[in-house]
Amino acid sequence: MAIGIRAEDLRKTYTSPPPTAAATRGVGLRLGRRGPRQKYEVKALDGLSLDVAPGEIFGLLGPNGAGKSTTVGVLTTRVRPTSGRAWIGSYDVWNDGVAVKRLIGVVPQRPNLDLALTGREILTFHGAYFGVPAAERARRAQELLERFQLTDRADQLTLGYSGGMLQRLSIARALMHEPQVLFLDEPSAGLDPQTRLLLWDLVRRDNERGTTILLTTHNMEEADALCSRVAIVDHGRVIAIGTPQELKSSIPGGYLVRLHLAGAPPDLLARFESLPGVTEVRSPGNGGVDLYADRGGALVPEIARLSSEAGVEIRDVRISEPSLENLFLHHTGRSLRD
Amino acid sequence: MNAKAFLAMLHRDAHVARRNFVTLLLQTLFQPMLLVFVFGRIMTTSGLITPQYKSMLLPGIIALAMLLSGVWSVAMPLVSEFQFTKEIEDRLLAPIEIEGVAIEKVVAGMLQALAAGAVVIPTAWLVMGRGVQLSFAAPIQFAVLALLVACLAASVGLVLGTSVGQTQIGLMFSLVIAPMIFFGCAYYPWSSLAPFPLLQKVVLVNPMVYASEGFRSTLVPRFPHLPKTAIFGALFFFDAIFLAFGLRQFRRKAVG
């Protein structure tokens with residue numbers, strides 16, 4: 001039976017600053033008085049709630065620093081929330097940590113493989129930590145090594161592995177104890193397109209066996225291709241949630257025409273807004289104008305006509321089809337890559 | 001605590017230690033053997049020090065070897081695994097309490113310290129040549145003492161490994177480990193500090209003093225040494241303090 005994930009009003013505030021160059025230079029002698037201590041406070045999570053259904057592939061989509069990895073940290077027992085609660089199945093993540101760890105598999109953002117062991121040993125020892133019997137460990141390790149195309153280097157230390165191999169081995173390791181919930185933190189970051197497709201295929205196949213999957217990504221295409229539902233996260237909060245289709249159709253008009261003009265006089269914007277099919281016009285400044293509309297290219301001649309009538313030069317036109325990227329932009333006013 | 005996961009982690013550490021056997025052996029033995037050779041052989045044979053010194057030195061060398069290998073084997077991997085390679089994550093995500101992972105590290109360190117002690121005794125004996133007289137009249141006392149010293153070494157390693165930054169490892173050795181060794185009564189009995197009354201009192205905060213004096217009290221009881229109740233009491237005390245503090249630090253490092 002597949003199990004779900006639930007998080008309720010998670011908050012995480014960091015009050016001690018991350019190490020800086022000054023703090024790690026060893027023993028520093030401070031002469032004289034220092035100024036008043038600066039208050040440091042960073043809200044990584046600001047009331048984040050989630051409900052992932054059993055057997056779902058759920059995506060957390062957001063830019064770097066949005067709180068995706070902190071969310072994964074909390075859900076996998078590795079980060080203690082300042083407040084709020086979370087459950088894996090019926091187990092409270094903070095109070096039943098050991099039971100939770102038994103159910104989950106985690107693929108970290110950066111490989112953290114055991115450098116003292118070979119690829120195969122990494123898998124078998126991981127299995128042993130989870131109480132998988134010896135013969136079964138060896139069998140599963142071999143199967144995973146084959147599935148992830150790692151058999152050639154299986155009996156070498158991982159120091160010489162390529163980035164893609166390390167990533168594949170990390171995923172194989174997470175699957176060694178057949179977890180019911182799999183967390184993938186930026187699984188395809190740094191992977192070549194071919195390996196990415198292999199990864200997607202593996203994720204889908206694992207999901208078909210009943211594993212609930214939560215992945216984080218800042219790649220729209222990935223969220224679109226894999227996820228049954230997506231939560232858009234920004235500043236530690238969920239700002240939109242739904243199937244990729246639902247989310248995309250929630251953008252007014254769906255299409256986005258991004259203009260870069262020499263200037264953006266208000267009367268020109270008003271005329272853009274009255275064009276048939278245009279649902280919203282925004283001007284973030286510096287001559288940028290975003291038109292949300294139900295059509296894309298067909299609007300361009302009319303835009304060009306209105307602009308030349310107003311004597312405003314068009315410097316750039318970009319048309320994007322309905323996408324999660326546009327949705328993110330619509331909700332936050334920022335592009336995912338900002 | 002999940003015994004299967006605990007034993008699997010212990011097995012992992014043993015496996016890695018076996019793989020690095022020669023390096024570990026050199027790391028544990030080389031420095032103590034140099035000391036033994038210079039002080040126990042050269043200086044005694046050349047007549048600079050009386051031959052009696054050999055028997056007095058050996059218990060200190062055992063304490064030294066055990067402490068160095070125990071501290072080193074726990075602290076060094078922890079520093080890099082927590083701060084740099086993050087390898088420890090795999091074990092923190094195993095179905096066992098966070099403290100279980102820390103205690104496994106301590107037990108693995110204790111085993112290494114005990115192995116180091118077991119290797120050093122016969123080797124030092126051989127290097128020093130004739131004239132070493134040890135007494136094995138109190139084997140149980142010796143065993144308990146060895147366990148306490150091993151636990152001390154591993155717990156100090158846990159504290160250092162979870163408190164010291166990667167850039168400060170060198171500093172840790174010159175500022176913490178070196179004074180601990182030189183004022184640890186390894187090369188001289190505590191009573192010989194009598195002409196330095198203040199120093200004699202200050203070194204009592206150094207847990208290594210009780211390790212050296214402890215081995216002296218069981219292996220060469222004819223030499224002056226601290227009272228046994230003080231030795232065992234202090235070792236229990238320091239073991240508990242360092243272990244408790246190390247576990248606390250470990251949790252703080254492990255959970256964000």
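Reply: Contacts of one residue

Leaving aside its neighbours within four places in sequence, Gly277(A) is in contact with Ala293(A), Asp294(A), Arg295(A) and Leu299(A), where contact means that the C-beta atoms of two residues, placed from the backbone, lie within 7 Å. This is a predicted model, in which local features need pLDDT of at least 70 and side-chain atom pairs count only at pLDDT 80 or more, while totals for chains, interfaces and linings use all residues. Residues are numbered from 1 along each chain as its sequence is written, and chains are lettered from A and ligands numbered from 1 in the order in which they are written.

Gly277(A) lies in the loop between α9 (266-273) and β12 (278-285) of chain A; helices (H or I, at least four residues) and strands (E, at least two) are DSSP runs, numbered from the N terminus. With 15 other C-beta atoms within 10 Å, Gly277(A) is partly exposed, a class that falls between buried (20 or more other C-beta atoms within 10 Å of a residue's own) and exposed (12 or fewer), again with C-beta atoms placed from the backbone.

Chain A has eleven helices and 14 strands, and its C-alpha atoms fill a box of roughly 80 × 65 × 40 Å along the principal axes. Of its 338 residues, 42% count as buried. Among contacts in chain A between residues at least 6 apart in sequence, 74% join residues at least 24 apart.

Another loop of chain A, between β9 (229-234) and β10 (237-242), holds His235(A). The phi of His235(A) is near 50 degrees, which is a positive value in a residue other than glycine, and His235(A) is partly exposed, with 16 other C-beta atoms within 10 Å. Most residues other than glycine have a negative phi. Helix α11 (residues 324-332) of chain A has seven of its nine residues buried, so it is largely enclosed by the rest of the structure. Those buried residues are Leu324(A), Glu325(A), Asn326(A), Leu327(A), Phe328(A), Leu329(A) and His330(A); just after α11(A), Gly333(A) takes a positive phi of about 75 degrees.

From chain A the view passes to its partner: 26 residues of chain B are in contact with 24 residues of chain A. On the chain B side, the elements that give two or more residues are α1 (3-19) and α4 (89-92), and α1(B) gives the most, with seven residues. By class, this side of chain B has eleven nonpolar, seven polar and eight charged residues, where Ala, Val, Leu, Ile, Met, Phe, Trp, Tyr, Cys and Pro count as nonpolar, Asp, Glu, Lys and Arg as charged, and the others, Gly among them, as polar.

Within chain B, the axes of helix α6 (residues 139-163) and helix α9 come within 10 Å and cross at roughly 165 degrees, the axes being lines fitted to C-alpha atoms, for helices over the stretch in contact, and angles running from 0 to 180 degrees between N-to-C directions. That makes α6(B) roughly antiparallel to α9(B), since angles over 145 degrees count as roughly antiparallel, under 35 as roughly parallel, 65 to 115 as roughly perpendicular and the rest as oblique. The contact is made by Gln141(B), Phe142(B), Leu145(B), Val149(B) and Leu152(B) of α6(B) and by Pro207(B), Ala211(B), Gly214(B), Phe215(B) and Thr218(B) of α9(B). These residues divide into seven nonpolar, three polar and no charged.

Not counting residues up to four places away in sequence, Val149(B) touches Ala63(B), Met66(B), Ala211(B), Gly214(B) and Leu235(B).

Finally, Cys185(B) lies in the loop between α7 (169-182) and α8 (197-202) of chain B. Cys185(B) has a positive phi of about 60 degrees although it is not a glycine, and Cys185(B) is buried, with 28 other C-beta atoms within 10 Å.
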